[in-house]
Structures are given as structure tokens and as C-alpha cells.
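Here are some friendly notes to read alongside the model. Please keep the viewer open as you go through the points.

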Amino acid sequence: MDDFLVRALLGGIGVALLCGPLGCLVVWQRMAYFGAALAHAALLGVALGLFLHLNLQFAILLVSLAMSALLALMSRRRFLSSDTVLGILAHGALALGLVLLAALPGIRVDLFVYLFGDLLAINRADFAWIYVGGLAAMAVLLRIWRPLLSLIIQRDLARVDGVAEPRIRALFFILLSVVVAVSMQVVGILLIVSLLIIPAATARHFARSPEAMAALAALFGVIAVSGGLGMSLVADTPAGPSIVAVGAGVFGVCAALTRTRA
């Protein structure tokens, strides 16, 4: 295969391997809307990166971290529910990003690339960012896996056992921010959450333990990336939406099979 196809496939697989286990944690905590809020804020990171001449992934990571901190701060003030705060921050950041992109002098921005990704255009710098950032995130995830799992299963008991909930949750928010930053090139801002949720939801049909579900979610993510990239090359469809479409199709087939067996 051509060099760009190999980079696209390996880059997509790297993101899928990271999104699988992290997506399980998102599903278990019912935090899909939080992931969507971070993804919407990514467009503001793109605008700031272009304006300040920063690496776009780095700018997205900074904005996502700021969004996480702002959400944690606003959630403590009990005058608004969490979903309301998420809606305000997500759509406010998205709108501000669009306004800034429109106001950038002399810069023409292809929004389709940022919104839906362009896996076939991945370069060596993007590839390095995916694997360096992904390996660092995976190391942190392995470190906090058990404490975070105990917080999800039995929060009060985990506190009694000495689990530092604020620190663990802060690290989890950082990991989500890293995923948003590294996934933008693969599936785009609007479809990042799909790569987190769909493989994890598919794995839920077969897994008998949290670790098995995380491994299966990573596997289904790899299948979605490989199949979507193949569809893109054969049918000349956008790579990002093709990946999500294949993932959704696999989920539908698995759901039908498990229902038939039941």
C-alpha cells in the first residue's frame, strides 16, 4: 500500500485502541454528553490554534482542559443541572469557534475537514501525536483503572477505601481531552463521541467483565476503522463518516445476533 494509506490505517487503529477502554468508562458513567461538549469545544481550539499559530492538537487539548475545569467549577454551584451546564458550554464554545474562524483575516478554513475528519490526509506529525499522546494516555488509564472502576461501581465504599475521587476524576477528564485532541483528524469534531460510544456499546453484548469489555471495545473500534477506511477507498466516501457508519452497522448486527440467541 502507499505510504499515506499505511499511516491512515495505523493512525486510525491507534485512536481506536485508545477510545475502546476509555469509551467503556464513558458508557458506564453515562457521560456521552460530556464527551460531546468537549468535542464541540474542539472547534474553538482549532480557531485559537490558527489565530495564535499553535499546533492544532495542542490548542484543542488546552481548550478541552479549560472546558473540563470550567464544567467542574460550574457543577459545584448547584443552581443549574449538569446537562444544562454542558449544553451552555458546548454550544457556546462551538459558536465562539465558528465566529473566530469567520473573523480570521486572510485564512480560508475547510470546516468539513475539522467537522468530519480527513484520515487519508494524516501526516507524520499527526501520526506521532496520536501514538505519543495515546501511549501516555493509556499509561495513565492503566494507573487509574481500578480506582475509577471502584468509584463507578460503589462510590461510597471507594471513598472509605481511600480513593482520592477529585484527583482520579480530574485525570479521567484529562484523558478525555487527550482523546478529543488525537481523534479530530480521524473522525472529526462531530463524530468523536461516536468512536467512543459505539464500540463500547457493541462490546457490552458479549463482555462478562470490565476488562473484557474494554478489550472487545478496542477490537470493535479497530474493525470500524479498517472497514470504514476500506469503504472510503472503494466507494470514494469520506473516511470519518464511513468509520462511524461501519461501527454502527457492526453494532446493529451484534444487537440482532444477541437478541436472536436470547
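Which backbone oxygen lies 2.9 Å from a polar atom of the side chain of Thr258?

1. That oxygen belongs to Ala255. A polar contact here is a pair of N or O atoms within 3.5 Å; within protein, one must be able to donate a hydrogen and the other to accept it, and residues adjacent in sequence count only if both atoms are side-chain atoms. Thr258 lies in helix 11 and touches His205 and Phe206, leaving aside residues up to four places away in sequence. Contact means heavy atoms within 4.5 Å.

2. A word on the ground rules: this is a predicted model, where local features need pLDDT of at least 70 and side-chain atom pairs count only at pLDDT 80 or more, while totals for chains, interfaces and linings use all residues. Residues are numbered from 1 along each chain as its sequence is written, and side-chain values use heavy atoms, with hydrogens and water left out.

3. Ser242 also sits in helix 11, which covers residues 239–261. Helices are DSSP runs (H or I, at least four residues), numbered from the N terminus. With 3% relative accessibility, Ser242 counts as buried; the cut-off is under 20% relative accessible area (1.4 Å probe, protein chains only). Its contacts, not counting residues up to four places away in sequence, are Gly228, Met231, Ser232 and Thr237.

4. Have a look at helix 1 next. It is mostly covered, with 20 of its 26 residues buried. Helix 1 bends by about 30° at Gly20, and Pro21 follows within four residues. The bend is the angle between axes fitted to the seven residues ending at a residue and the seven starting there. After helix 1 comes Arg30, whose phi is positive, near 55°.

5. The largest nonpolar core has 87 residues, and Leu22 and Phe172 have the most contacts inside it. Such a core is a set of buried Ala, Val, Leu, Ile, Met, Phe, Trp, Tyr and Cys residues joined through side-chain atoms within 4.5 Å. Helix 8 (residues 165–187) gives the most to this core, with 13 residues. Among the residues that Leu22 touches are Leu141, Phe172 and Leu196.

6. Finally, the rings: there are 5 aromatic pairs. Rings of Phe, Tyr and Trp (its six-membered ring) pair if their centres lie within 6.5 Å; planes under 30 degrees apart count as stacked, over 60 as edge-to-face and the rest as tilted. Trp28 and Trp145 have ring centres 5.9 Å apart and planes at 65°, so this pair is edge-to-face. Ring pairs also link Phe34, Phe172 and Phe173 into a cluster.

Methods: Helices (H or I, at least four residues) and strands (E, at least two) are DSSP runs, numbered from the N terminus. Buried means under 20% relative accessible area, exposed over 50%, partly exposed in between (1.4 Å probe, protein chains only).
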